[in-house]
Each structure stands twice: as structure tokens, then as C-alpha cells.
Amino acid sequence: MRTQVAIIGAGPAGLLLGQLLHREGIDAVILERRSADYVLGRIRAGVLESGTVDLIARAGCDQRLRQEGLPHDGVNLCFGGARHRIDLAGLTGGKQVTVYGQTEVTRDLMEARSAGGARTVYEAAGVHLEGFGGSRPVVHFLKGGIAQTLECDFIAGCDGFHGVCRQSVPERAIETFERVYPFGWLGLLADVPPVNEELIYVNHEDGFALCSMRSMTRSRYYLQCPADEKVEHWSDQRFWEALRARLDPEAAAALTTGPALEKSVARLRSFVAEPLRFGRLFLAGDAAHIVPPTGAKGLNLAASDIRYLSEALVEYFNGGSTAGLDAYSTKALARIWKAERFSWWMTSMLHRFPEVGRFGHKIQLAELEYLVSSEAASASLAENYVGLPY
Ligand code: FAD
Ligand code: DHB
């Protein structure tokens, strides 16, 4: 097989890149280790910046998002038992975020890809990269036990944190920066109406909580838990009781409970690899960086990488210039580090850190008080939450 761009990974980054290239007449093949159903079964992000929505529109995949996505003008912080609203739109000249599940974004992109006849190989095993330091990269893989090769001009490593692309780079060529947090998030999805029409981020003595949603009939809730927590230790009832205890009285009274459709534990990590380019291999999305989920930046950051990378590849194939490819790593990393800072800050302010003790907790509360009482501080949160400019 031969293609212009070999994309490794059919998560949001890989699928979005594939679709943006396809619309510009550039051929790409996606190799994905899992089945399409497995990829669609992973419950993950839920909040899209307006820049992400615009990029999905550019890919021609925003029809259902425009109909079913929920635009939000504000977000709420709850601490000391009281809730405070941050007016995102009012503080950012009218910008919003859109609540629309990553699963739905992925489904829309997969459908557009198969309707357009673009090639995706699911259940591609043993992906192995070769020659990206030279001019003729090759990707080797197994499909149904049969060895195949894919020759290409460029490889896009969109294969997530545990993927093969970053690991294929010689150690001396890459630098990594990491912080692992001493806790995780236990998530629960249920077909119950959301407790509030906007998201609520909670700082509570028992730990962080987040009330989110997927639609007006489907809720997504998270609780801070130990990093190695076993999901089997959490009955639905235990989850609902722990969540209710962390909410303000009005929300606690309004909470509708029901059977969980899904429960899972996610570990929290900050991670950045530098640079993002190694000859003809480019890293994008979770393959290159991880943010802790507080602040909803992971999927949005994957999208902004893809915006820079797709524009650079189009400029190369359709205009003959390497300027965009040469600038990709520096440009993307500048935005990545700002989102890393915001996600680290939101995580630090809202979670219970055993090691900081009572003093640390008082500082968190002072910071939250300042945040909700100062327009300048609220505006800083708002402009980061809706998404910094590209
Ligand atoms: P992935 O989605 O990880 O996709 C990578 C793909 O590559 C996968 O399909 C994988 O199977 C495939 N792959 C891996 N290895 C190989 C291989 N060797 N060969 C071939 N294929 C391979 N982000 C937000 O913006 N907002 C949120 O609200 C938010 N909430 C989150 C909540 C939770 C609980 C979690 C866990 C994450 C959340 N995120 C959020 C983060 C977001 O889900 C990720 O940042 C996003 O999925 C990154 O997309 P990606 O395409 O880069 O990587
Ligand atoms: C969701 C996840 C987040 O990390 C976040 O900050 C907001 C919402 C969600 O899954 O809905």
C-alpha cells in the first residue's frame, strides 16, 4: 500500500486529521489497533471549545453537533458549600463552550470517513515505524495475521499516550516533562437529567467532584478517588451518596439518581514531549501530551494540534512549501504549555492533596474566593476555559 500520510490511531486526532486532508484531496490511510466499536465505547471528554467546533465544521462533520450539542454560557464553582457562577460569555465577548460527547464527535468523523471512501484499517496489530528519519518512511503492521506495509510521505502519530509512535523515537532526540497526581477520577454515566443546566466543579473536604452531562437526559459525574481505586468497590448507591455529600444543598436536593451505564477510573497526569517532529514523523494529541481532565482541555488540545498539522500538510502538498511543517512543533507547543498550565492550576485548586494539609486547603479557599470576587481573575479563568486563541 502507498499513501501520502499514514495516520496511526483513529481517536479524535487521527480521524479529524484524516477528514481535513481528505477534503483537500490529500490521501491518508488510518491504522487503528482496536475495532471501531471499541473506539466508540470509550467514554471520555464532553466539552468542546468554539475553536474545536469550528475545526469539526471545517471537516464537514458538524451537522449533528449543531443540532444536538448544548452551548453553555457559564460554568459553576462550588466551595464552602456555596455555588458561584462564572459568566463565560459575559467575560469573553460572547464566547461559549459546547457540551457534545467525544463518542459522538468520533462517530460523526468515522461516518464521514467511510461515506467518503477513505481507507481505515481497524485491528491493525504490531504497528512498527521505519525510515522516518529519511525520505521514505514505511509503516509495517499485521492485519488478520498477514504482514502488510504502508509506504508514505509522512507519518502522523495520533496514537494516544500508550501508542507506538512516541516510543519509536530515539531517546536522545526527545525530552519529556511529567507530573503524576496522587489521585484519580471515578466517572459515572447515567440516563438521568443533569443536576444543573451548567457544569459544576466542586472543591469539598471529601475531595473534588464534577457534575457534567451529555444531553438533557444523560448525566456524567466524576468524584476524586485514590489513584489505584477499584471500580468494583463502588456500587451505584455508594457513588450517588458520595456525590450528594459533596454538592451544595440546592444541588444535593435536585440530584436525580439512576443505574450507571458506565463507571470507570482515570488516573491524572500532566505530560509533554518535546519536540513534536522527528524528520517525517509528527506527534499530535495525547501521543504528545496529557493534561489532567480538570478544565476539559485534552480533546481540545488534540484538535488544535491537528489544526496546525493539517494546515501545514495542505500547504506542503498543495502549495509546495515546508514552512508550516517546519513551524509545527514550536507553534503547537506554545499553545500546549498554556493549556498544561491551566489544567494543572484548575487541578491544584479544586482537588484534595493529602500532603498540603490544612494550610494548603485554606490557600485553595482563598484562591477560589478571589477568583469569584475579582472580575480580572474570573476573566482569566473564562478566557482559558473557552479556549485561548490559535
Ligand atoms: P486517543 O483518543 O487516545 O486515540 C488514540 C488512538 O490510537 C486510540 O484509538 C488507540 O486505540 C490507538 N492506538 C494506540 N496505540 C496504537 C498502535 N500501536 N497502533 C495503532 N493504533 C493505536 N478532553 C477534553 O478536551 N474535554 C474533556 O471534557 C475531557 N474529559 C476527559 C475525561 C476523561 C475521564 C478522560 C480519560 C479524558 C478526558 N479528556 C477530555 C481527554 C480526551 O479524551 C483525550 O485528550 C483525547 O481522547 C485525545 O485524543 P487522541 O486522538 O489524541 O488520542
Ligand atoms: C467533562 C470532563 C471534564 O474533564 C471536564 O472538565 C468537564 C466535563 C465531561 O466528561 O463531561
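Student: How many cavities of 30 Å³ or more does it have?

Tutor: The count comes to 3 cavities of 30 Å³ or more, where a cavity is a set of points on a 1 Å grid over the protein atoms alone at which a 1.4 Å probe fits but cannot get out. This is a predicted model, in which local features need pLDDT of at least 70 and side-chain atom pairs count only at pLDDT 80 or more, while totals for chains, interfaces and linings use all residues. Residues are numbered from 1 along each chain as its sequence is written, ligands are numbered from 1 in the order in which they are written, and side-chain values use heavy atoms, with hydrogens and water left out.

Student: And how much space lies in the largest cavity?

Tutor: About 80 Å³, a volume being the space filled by probe spheres set on the points.

Student: Which helix supplies the largest share of its lining?

Tutor: Helix 10 does, with 4 residues; the lining residues, which have an atom within 4 Å of a point, include Glu49, Arg335 and Phe342. Helices here are DSSP runs (H or I, at least four residues).

Student: Switching to ligand 1, what are the closest residues?

Tutor: Glu32, Arg42, Gln102, Asp286 and Leu299 are the closest of the 31 residues that surround ligand 1, each with a heavy atom within 4 Å of the molecule.

Student: Which side chain has an N or O atom 2.9 Å from a ligand 1 oxygen?

Tutor: That is Arg44, whereas Gly46 places a backbone N or O atom 3.2 Å from an oxygen atom of ligand 1.

Technical notes: 1 Å grid on protein atoms, 1.4 Å probe; cavity = no way out; pocket = protein on both sides within 12 Å on 5 of 7 lines; lining within 4 Å. Helix = DSSP H or I, 4+ residues; strand = E, 2+ residues; numbered from the N terminus. Polar contact = N/O pair within 3.5 Å; in protein donor to acceptor, adjacent residues only side chain to side chain.
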